[in-house]
Amino acid sequence: MKVIVRFALPFLAVVCLTHCGAPQPPQCHRVPRASRAPANTLVETARTSWQVLADGSRKADWPKAEADYNTAVARLFDQLRCGQGSWQDRAAAMDTTIFPAKRHKADPGEFDALFPATNVKIRRENRRHLTPGIGVALVGWKETTPINVPRPAFQPPTGMPYAVNATLRFDKDGKPVWHFVKRWIDDDFYYAETRRPLAADWTAPNVFYWNMSNLDDLTIQNVLLPGRYMEETGLYFLQPYDPKKIPIVMVHGLKSSPDAFRYIINDLSPEPWFREKYQVWLFNYPTGNPWLYTGIRFREYINAATKYARTQGDDTQLNNMVILAHSMGGLITRSSITDPGRVIYDEHFDKPIDQLEVNGSTRELIRAGMFYKPLKEPKRVVFLAVPHHGSPMANMRFAMMTSNFIRLPKILTVDLLDATLHAAKESAEAGGEAPRMPTSISSLSPRSRGIKALNKMPLPRNIHFHSIVGNRGKGQIPDCSDGVVPYHSSCVNPVESEKVVPWGHGVTDCPVSSEEVKRILKLHLR
């Protein structure tokens, strides 16, 4: 039944294809009741606790002093963010000041919203990652633009979340000073020759981003009406590009969006080595298009991003790129890093490309999709529940019916129809089976020409490969399945490691998968 529902959802939801509007960041209309104590009283409480924390002879009192300090600063911050005037005006009203912005320090005014991480509702508290320490964990939010509205290259739609820490320091004579630390850069807090960790909530920014973003609301529309969402095909940087960090590109699968990786990102974010060495790029695309066509767009965006990155500094880390690819995203990735030679073309056509009776735009589409230079930057790829040999579900009657409801973009429809009719004519003349108009679902069939071609193309030897496979517990290897892709299809060789996790097709949600990804990324650093 679950199998049928997985394919039925896109069809059943066709009656609800409009987005009702994204939520807004938390607004502060008034100071919370718990924080209405006089500011000078809270400042003195924080100061007293600070003095205890700075006294090495009073270590036994540090736990209580830290708790009292954090509580006082949290209540002061509520007053700071909820008052009238500018941030500096509100700080001055409580006889404090704000430290100016630097590389590690933020100006609170640079955010469109800045609020306590505790304001974010976390549904799965067992997956919440906190770093206890000094100060108040905050979420900063910088707005961008909604979907289908132009924005700077590689900037995600809606906005960007940031983990921020607020402390009130009493280091010198004079007014206490607010410090807003960019928590994704700084880990520790120094005072009186003592180093302590800064408090952080790594899950709240991640959850808040997906609460605000509407990319994950379009998974059904992206399947059935990919033409309407072509503008949102793109590569998104979750932080400004840093030439000192290795890009890790995440490619989602069918009826999905970049939020398929939300738990992996959540589990990686608390790791100092990850924040120091890696940067996340998310590839988003409408999943109704056949994966061979999406592969064209993927290569275009990776090439554009790497061209931009090379203008920003040394490309050593750029050339150590890692790709995490889930489900159909693995086919897009695998085809993009492998030299196709003539394999893909010969699987579809019997004549040289110059002899095909097709128009010019169709010929160029075929050339881009079947004769291309593979990406050169990726050095390691992790496949997650990828149907390397196709998924038998694509041949099920309901899946084929759903495929018929997919409405491809007009420009793609014309060219694919032209190529499909030509291939049909050749097949008929040869006595073979005429191909159908390709969609994402039909292109996942084990009988599809793209799948057959891909499995004739050996994995490149200059790239390290790993595989994470789901087993929902209804069979033993090799007869098991993740509920969508059987083990024999997820299995690909040669790979350096294969990890079978006790999960269904959504293996990106599995904690064991996150741990395996951590192991692989640490290995990559060596």
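Before you click, residues are numbered from 1 along each chain as its sequence is written, and side-chain values use heavy atoms, leaving out hydrogens and water. Because the model is predicted, local features need pLDDT of at least 70 and side-chain atom pairs count only at pLDDT 80 or more, while totals for chains, interfaces and linings use all residues.

**Stop one: two helices.** Select residues 39–53, helix α2, and residues 62–82, helix α3 (helices are DSSP runs of H or I, at least four residues; strands are E runs, at least two; both are numbered from the N terminus). They pack at about 150°, with axes 8 Å apart (axes are lines fitted to C-alpha atoms, for helices over the stretch in contact, and angles run from 0 to 180 degrees between N-to-C directions). That makes α2 roughly antiparallel to α3 (the label for angles over 145 degrees).

Now show side chains: the contact (heavy atoms within 4.5 Å) includes W50 of α2 and W62 and Y69 of α3.

**Stop two: a hole inside.** Next, select P161, L238, Q239, I265 and S269, the lining residues nearest the centre of the largest cavity. A cavity is a set of points on a 1 Å grid over the protein atoms alone where a 1.4 Å probe fits but cannot get out, and lining residues have an atom within 4 Å of a point. In total, 19 residues line this one.

Which helix gives the most to the lining? Select 203–212: that's α5, with four residues.

Definitions and conventions:
Angles under 35 degrees count as roughly parallel, over 145 as roughly antiparallel, 65 to 115 as roughly perpendicular and the rest as oblique. On a 1 Å grid over the protein atoms alone, a cavity is a set of points where a 1.4 Å probe fits but cannot get out, and a pocket is an open set with protein on both sides within 12 Å along at least five of seven lines; lining residues have an atom within 4 Å of a point.
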